[in-house]
Structure formats: structure tokens, C-alpha cells
Amino acid sequence: HGNTIIGTVATNARLTTEEANKVAQMAHDGLARVVRPAHTMLDGDTLFALATGKKSADVNLVGAYAAEAVAEAIVRAVRMAKDQ
């Protein structure tokens, strides 16, 4: 679809597979903050989380900041987009 969002959230945190999945899930909150409607049956919005494992971190904080970063990135991309 023409309005699908695909992105990656990368962190230097040490996360398990389950925690990385949680960060990706929480990052979707950022999408929902700035895109309406979000998470419909017609979109393919997907966010991936990557972790280098270099720093110990609280998965809840990483996920919360991921949501903020995603929201800011979407707004920035829309503002910088050229009319097509």
C-alpha cells in the first residue's frame, strides 16, 4: 500500500529476543501518536528493533524512548517530504 511505514529502531542496549520484540511493539506507539488511523487491517506498518548488546538498560525505558523517536522521525519525514 502507498502509506505503509517500515522502520528500524536501533539501540546499544543489551536485549533478549523477547525484549527486542517488546521494544518494536512499544515503538508502534509512536506511530499511533502521529498517524491516524493507525494499525488498520489495510496497512502493513512494520517496525523492527535491533540491539548491539553493549549497554545494560531497562527495556521499558528503551521502548518508551523508541516510541518518542518513531513519532519524531515520522513528523520530520512528512515535513521534509517533497510533493510528488
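This is a predicted model: local features need pLDDT of at least 70, side-chain atom pairs count only at pLDDT 80 or more; totals for chains, interfaces and linings use all residues.
Let me start in the loop between α1 and β2, where H39 lies, the helices being DSSP runs of H or I with at least four residues and the strands runs of E with at least two, both numbered from the N terminus. H39 has a phi near 60 degrees, a positive value in a residue other than glycine, and with a relative accessible area of 43% H39 is partly exposed, where buried means under 20%, exposed over 50% and partly exposed in between, with a 1.4 Å probe and protein chains only. P37 is found in that loop between α1 and β2 as well, and a cis peptide bond, with omega at about -5 degrees, joins R36 and P37.

Residues are numbered from 1 along each chain as its sequence is written, and side-chain values use heavy atoms, with hydrogens and water left out.

Stepping back to the overall layout, the protein has two helices and two strands, which follow one another along the sequence in the pattern β-α-β-α. The C-alpha trace spans about 45 × 25 × 15 Å along its principal axes, and 29% of the 84 residues count as buried.

Now to the inside. If we set aside neighbours within four places in sequence, A27 is in contact with V9, L47, G63, A66, A67 and V70, contact here meaning heavy atoms within 4.5 Å.

Which side chains meet in a salt bridge? They are those of R33 and E68, at 2.6 Å from N to O, and the pair links distant parts of the chain, with R33 in helix α1 and E68 in helix α2, 35 residues apart. The rule asks for a side-chain nitrogen of Lys or Arg within 4 Å of a carboxyl oxygen of Asp or Glu, and by this rule the count comes to one salt bridge. R33 is partly exposed at 39% relative accessibility, and E68 is partly exposed too, at 38%.
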